[in-house]
Amino acid sequence: MLSLHLNESPYRVPAHILSRVLRPEDLALNRYPPRGAPRLRGLYAAYAGVRPEQVAAFNGGDEAINMTVLALRPSVRRVVVMPPTFPEYSRAAALAGLEVVRVPLEVEGNAFRADTQALLREASRDPSLVFACLPNNPTGNRVLSEEDLGRLLTVRPRPWVVVDEAYWEFAGGTVVHLLERHPNLIILRTMSKAFCLAGLRVGFALASPEVVERLDETRQPFNIGALAELVGSAVLTDPSYVKDVVVRTVEGRRRLSEGLAALPGVTPLPSLTNFVLCRVPHPAAEVEAAMRDEGVRVRHYPREPALARHIRITVGTVRDIDRCLEALRRCLDVRA
Ligand SMILES: Cc1ncc(COP(=O)(O)O)c(C=O)c1O
């Protein structure tokens, strides 16, 4: 089965980086890892262009989302999300017993955009925590401009604003420069995408030192395992392969989008990520099932009415892309 439904990288971390650090005789796995993964955190700070005290390390972006909600819960009444977006935000909010307020994205032609007026209204109603995924999963685009993000950060009363930059490397833009000016901003990152390390489970929050302290008090003391700290630190001392992964992914994204646009009734949406959302001419659930029969997993959204005819496809290798396009062509032919 070809897995194009989880936005993983099809590429592996270069073996020479791993073999340098994964020597059984050097691994003291009988010991607890250092609390707070200081080495990993320091190296990621340098990569992100912030100070180490502005970084908290987690078991993947998912844990970063959950811990951010838990850490801020005492000062928050509701969590504002902009569906269709990453479902973990609402799940984390519901688990924490917080009200979830949905401000659906608006559709402008083919593109999804934040309903800025409604967002500002909802964000400033009660003490709120807003999640903005930039670029957004699953729509693939930047749904909120930097100007509107600035308005969101300064609306009164001030909301907490979490910007999830899981895919920022593929988009080439970050809002890290806003951190110093806005202590209510938290940026989430992951090593699961451009770093090709979904299996390692490493993610980060970038925020003011005060917020990082709250996050550190909330997370479990030894949340980052010794192997994750070791491998994460090794790739961060030699991250040049990430650039290569980004170049190949962006080329693949173009190939996939062009191939999709050439299929009858299929419209790919512009993407800044390692996946492409596309409109298909039949109910998405049917297309997804037919693709599975063809041996290709893609993602559909049975709970999102706005995406009843959309599927999301991860950018794989050139071979994966061609195989996926062929499979989709066959699925559409059968239903034509
Ligand atoms: C927007 C977004 N944030 C966070 C994550 C979680 O990433 P991980 O937990 O693998 O770091 C994902 C995973 O697909 C995602 O799409």
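1. Helices α5 (residues 116-123) and α6 (residues 146-154) pack with axes 9 Å apart, at an angle of about 20 degrees. Helices here are DSSP runs (H or I, at least four residues), strands likewise (E, at least two), numbered from the N terminus. Axes are lines fitted to C-alpha atoms, for helices over the stretch in contact; angles run from 0 to 180 degrees between N-to-C directions. The pair α5 and α6 is therefore roughly parallel (angles under 35 degrees).

2. This is a predicted model: local features need pLDDT of at least 70, side-chain atom pairs count only at pLDDT 80 or more, and totals for chains, interfaces and linings use all residues. Residues are numbered from 1 along each chain as its sequence is written.

3. From α5, Thr116, Leu119, Leu120 and Ala123 meet Asp148, Arg151 and Leu152 of α6. Contact means C-beta atoms, placed from the backbone, within 7 Å.

4. Lys193 sits in the loop between β9 (185-190) and β10 (203-206). Lys193 is buried, with 28 other C-beta atoms within 10 Å (the cut-off is 20 or more). Beyond neighbours within four places in sequence, its contacts are Asn7, Ser9, Ala166, Tyr167, Glu169 and Asn274.

5. Three strands form an open sheet, ordered β11-β12-β14, with antiparallel pairing (pairing needs at least two DSSP bridges). Strands β11 (267-268) and β14 (310-314) each have a single partner, so one side of each lacks a neighbour in the sheet. Five bridges join β12 (residues 275-279) to β14. Val276 stands opposite Ile313 in β14. Helix α10 (residues 240-261) packs on this sheet and touches β11, β12 and β14; its direction makes about 10 degrees with that of β12.

Notes:
Two residues are in contact if their C-beta atoms, placed from the backbone, lie within 7 Å. A residue is buried if 20 or more other C-beta atoms lie within 10 Å of its own, exposed if 12 or fewer, and partly exposed in between; C-beta atoms are placed from the backbone. Angles under 35 degrees count as roughly parallel, over 145 as roughly antiparallel, 65 to 115 as roughly perpendicular and the rest as oblique.
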